[in-house]
Amino acid sequence: MNEYSINVIVVEDEKLIAKNIAKHIEQSNPHYKVTNIFSNGADAWDFINTQPPQIVFTDISMPIMDGIELVKKIYESKKFIRCVILTGY
């Protein structure tokens with residue numbers, strides 16, 4: 001059992017890719033805990049405003065709000081959250 005966890009969310013509109021990213025994140029560091037997966041930036045942003053994670057892994061190209069806009073919003077108001085952009089774009 002870990003003495004602490006780092007809360008992570010994944011934002012990716014391709015369900016299988018999102019699950020694989022989440023699996024690899026948790027395998028790469030035993031302290032990382034993927035708490036949620038979102039299929040667009042708008043849903044992720046709503047969640048971030050109520051339960052901010054410590055790290056956000058996001059795709060760029062998604063419906064409703066893309067990853068670039070999401071990262072911009074995070075950096076403007078929640079500078080403590082680290083963002084990682086993973087994309088095949």
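What follows is a short report on the sheet, the cores and a few single residues.

This is a predicted model, where local features need pLDDT of at least 70 and side-chain atom pairs count only at pLDDT 80 or more, while totals for chains, interfaces and linings use all residues. Residues are numbered from 1 along each chain as its sequence is written, and side-chain values use heavy atoms, with hydrogens and water left out.

**The sheet**

Let's start with the strands. Helices (H or I, at least four residues) and strands (E, at least two) are DSSP runs, numbered from the N terminus. Four strands form an open sheet in the order β2-β1-β3-β4, with parallel pairing; two strands count as paired if DSSP finds at least two bridges between them. At the edges stand β2 (32-38) and β4 (82-85), each with a single partner strand, so one side of each has no neighbour in the sheet. On average, neighbouring strands are turned by 20 degrees against each other, direction ignored.

Six bridges hold the parallel pair β1 and β2, and four join β1 to β3, also parallel. Here are some of the bridge partners:

| Residue | Bridge partner | Strand of the partner |
|---|---|---|
| V8 | V34 | β2 |
| V10 | I37 | β2 |
| I9 | V56 | β3 |

Helix α1 (residues 15-28) lies across β1, β2 and β3, and runs at about 170 degrees to β2. For that angle, axes are lines fitted to C-alpha atoms, for helices over the stretch in contact, and angles run from 0 to 180 degrees between N-to-C directions. Together, β1, α1 and β2 make a right-handed β-α-β unit: with the strands pointing away from the viewer, the path from the first strand over the helix to the second runs clockwise.

**The inside**

Is β1 buried or exposed? Five of its six residues are buried, so β1 is largely enclosed by the rest of the structure. Buried means under 20% relative accessible area, exposed over 50%, and partly exposed in between (1.4 Å probe, protein chains only).

I9 sits in strand β1 and is buried, with a relative accessible area of 0%. Leaving aside neighbours within four places in sequence, the contacts of I9 (heavy atoms within 4.5 Å) include T35, F38, F47, I48 and V56.

I9 also turns up in the largest nonpolar core, which has 16 residues; those with the most contacts inside it are I9, V11, I48, V56, L70 and I74. Such a core is a set of buried Ala, Val, Leu, Ile, Met, Phe, Trp, Tyr and Cys residues joined through side-chain atoms within 4.5 Å. Two or more residues come from each of β1 (6-11), α2 (41-50) and α3, and α2 gives the most, with five residues. Apart from this core lies another, of ten residues, among them I6, V10, I21 and F57.

**One aromatic pair**

A search of the whole structure finds one aromatic pair. The ring centres of F38 and F47 are 5.2 Å apart and their planes are at 45 degrees, so the pair is tilted. Rings of Phe, Tyr and Trp (its six-membered ring) pair if their centres lie within 6.5 Å; planes under 30 degrees apart count as stacked, over 60 as edge-to-face and the rest as tilted. Both F38 and F47 are buried.

Finally, look at I64, in the loop between β3 (55-58) and α3 (67-77). I64 is exposed, with a relative accessible area of 72%. Its phi is near 70 degrees, a positive value in a residue other than glycine. Most residues other than glycine have a negative phi.
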